[in-house]
Amino acid sequence: MNQLPYFLAAWLFFVGLYGMVTTRNFLHLVMCLGVLQASTYVLLLEVGYRAGGTAPIFKDVPRGTRAVDPVVQALTLTDVVVGVTVAALLMALALQAHKRCGSLDPNDMRPMQG
Amino acid sequence: MTARARVWLFLVPALGAAALFVWALTGLPDFGHYRGPYGDVVNARVIPERHATSAVAAVNFDYRGFDTIGEEFILFAAVVGVTVLLRLERDEHEESPRDRAERHASIEVADAVALACIGLVAPVLVLGVYVVTHGHLTPGGGFQGGVILAGGPLLVYLAGRYITLRQLRPKGVLDLGEGAGAGGFVLIGFVGLVAGAAFLENVFPLGSTGSVFSAGTLPVINVSVGLEVAAGITLIVYEFLEQALIVRAGR
């Protein structure tokens with residue numbers, strides 16, 4: 001089964017999604033979103049992996065060494081940065097929600113509360 | 001809607017989506033059999049064309065540099081967003097950190113923790129500068145190094161020196177660093193235009209492969225991004241720490 005490592009990405013995605021749907025705490029929700037996003041890192045790195053390839057860093061290695069795909073690794077960096085910024089913004093929103101409602105439970109929120 | 005109904009409402013479509021996802025995954029090439037061609041082209045051309053040994057950095061800040069400007073401004077926008085969301089509101093006032101420190105005098109940081117944190121500040125900053133400036137040679141770069149640099153102020157806070165941190169009045173400097181870092185990247189892009197080439201084209205001298213001053217615009221962009229990320233992440237942390245000093249009126 002040569003596709004088996006890809007299923008790790010599917011597992012992370014749906015476990016994270018399940019956590020987001022059933023969560024009772026906004027901070028937990030942010031963490032679940034992090035798990036969900038980790039699935040994209042895993043999938044990107046797996047797609048660019050080449051059996052026996054080294055990291056695409058050519059310092060101190062002989063010319064012509066087989067290396068994995070650097071393009072998906074660069075995309076993963078973008079992905080990580082976006083993940084961090086989204087987490088920071090969501091936590092700021094959670095903080096404000098807690099100030100207004102005194103709770104972090106999404107079920108305690110009422111729509112359009114001023 | 002009850003919690004149980006909500007889970008079912010999620011599970012049914014999620015199972016369908018999962019089935020489609022798994023079906024799509026089975027259509028991918030076998031794991032470990034990368035078929036290219038872009039990664040191979042970059043790996044083969046990065047040293048002759050750019051004199052950089054880190055192909056990832058070359059993709060991020062050169063071949064795909066325009067995209068990374070967008071990425072940098074995502075971070076910029078998020079910092080602005082956090083600052084706006086966590087501003088001082090009408091019914092809030094800020095407690096002076098000295099008052100608060102007196103009220104919470106019992107919460108003392110253990111000497112061993114404080115000493116370890118203060119001792120780590122300088123090495124962490126040096127490591128951050130190293131990672132930023134060697135981004136085009138080894139793993140690392142502006143984003144990674146910038147986050148390490150932001151660890152420095154956080155260690156000062158962990159050492160219980162929050163008052164020291166505030167007395168430094170870092171906000172103006174951080175705002176400046178954030179703006180200068182983000183603007184610097186775009187400015188380096190315009191250097192390409194002024195030199196008669198394309199926006200963000202690598203027009204600086206390439207130097208000899210493997211030295212810190214090589215790879216043309218790569219180290220310059222890395223320093224600019226490092227400045228922006230270090231200032232941005234510190235600002236985000238600072239905004240959250242400020243919240244601990246904000247007291248709502250009537251509570």
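Tutor: A residue is called buried if 20 or more other C-beta atoms lie within 10 Å of its own, exposed if 12 or fewer do, and partly exposed in between, with C-beta atoms placed from the backbone. This is a predicted model, in which local features need pLDDT of at least 70 and side-chain atom pairs count only at pLDDT 80 or more, while totals for chains, interfaces and linings use all residues. Residues are numbered from 1 along each chain as its sequence is written, and chains are lettered from A and ligands numbered from 1 in the order in which they are written.

Student: How many helices and strands does the secondary structure of chain B come to?

Tutor: Helices (H or I, at least four residues) and strands (E, at least two) are DSSP runs, numbered from the N terminus. Chain B has 10 helices and two strands, and along the sequence these follow the pattern α-α-α-α-β-α-α-α-α-α-α-β. Of its 251 residues, 32% count as buried.

Student: What is the count of buried residues in H1(B), and what should its 24 residues span?

Tutor: The expected span of a helix is 1.5 Å times one less than its number of residues. For H1(B), residues 3-26, that gives 34 Å, and the end C-alpha atoms are 34 Å apart, so expectation and model agree. The count of buried residues in H1(B) is zero, and this helix is hardly covered.

Student: Which element gives the most to the side of chain B that touches chain A?

Tutor: Two residues are in contact if their C-beta atoms, placed from the backbone, lie within 7 Å. On that basis 42 residues of chain B are in contact with 39 residues of chain A. The elements of chain B that give two or more residues to this side are H1, H2 (38-50), H3, H4 (65-85) and H10, and H1(B) gives the most, with nine residues. By class, the chain B side has 26 nonpolar, 12 polar and four charged residues, where Ala, Val, Leu, Ile, Met, Phe, Trp, Tyr, Cys and Pro count as nonpolar, Asp, Glu, Lys and Arg as charged, and the others, Gly among them, as polar.

Student: At what angle do H3(B) and H10(B) pack?

Tutor: Axes are lines fitted to C-alpha atoms, for helices over the stretch in contact, and angles run from 0 to 180 degrees between N-to-C directions. Angles under 35 degrees count as roughly parallel, over 145 as roughly antiparallel, 65 to 115 as roughly perpendicular and the rest as oblique. H3 (residues 55-63) and H10 (residues 217-243) of chain B pack at about 80°, with their axes 10 Å apart, and are therefore roughly perpendicular to each other. Ala57(B), Ala58(B), Phe61(B) and Asp62(B) of H3(B) meet Thr217(B), Leu218(B), Ile221(B) and Asn222(B) of H10(B), a set that divides into five nonpolar, two polar and one charged.

Student: And at what angle do H2(B) and H3(B) pack?

Tutor: The angle between H2(B) and H3(B) is about 70°, again with axes 10 Å apart, which makes H2(B) roughly perpendicular to H3(B). Val42(B), Asn43(B), Val46(B) and Arg50(B) of H2(B) make the contact with Ala55(B), Ala58(B), Val59(B), Asp62(B) and Tyr63(B) of H3(B). By class, this contact has six nonpolar, one polar and two charged residues.

Student: Which residues have the most contacts inside the largest nonpolar core?

Tutor: In soluble globular proteins, nonpolar side chains tend to be buried together. A nonpolar core is here a set of buried Ala, Val, Leu, Ile, Met, Phe, Trp, Tyr and Cys residues joined through C-beta atoms within 7 Å. The largest one has 56 residues, and those with the most contacts inside it are Ala58(B) and Val59(B). H10(B) gives the most to this core, with 12 residues. Leaving aside neighbours within four places in sequence, Val59(B) is in contact with Pro70(A), Val71(A), Ala74(A), Val42(B) and Arg64(B).

Student: Where do His51(B) and Ala215(B) lie, and what is the phi of each?

Tutor: Most residues other than glycine have a negative phi, and most peptide bonds are trans. His51(B), in the loop between H2 and H3 of chain B, has a positive phi near 55°, and it is buried because 21 other C-beta atoms lie within 10 Å. Ala215(B), in the loop between H9 and H10 of chain B, has a positive phi of about 70°, and with 32 C-beta neighbours inside 10 Å it counts as buried.
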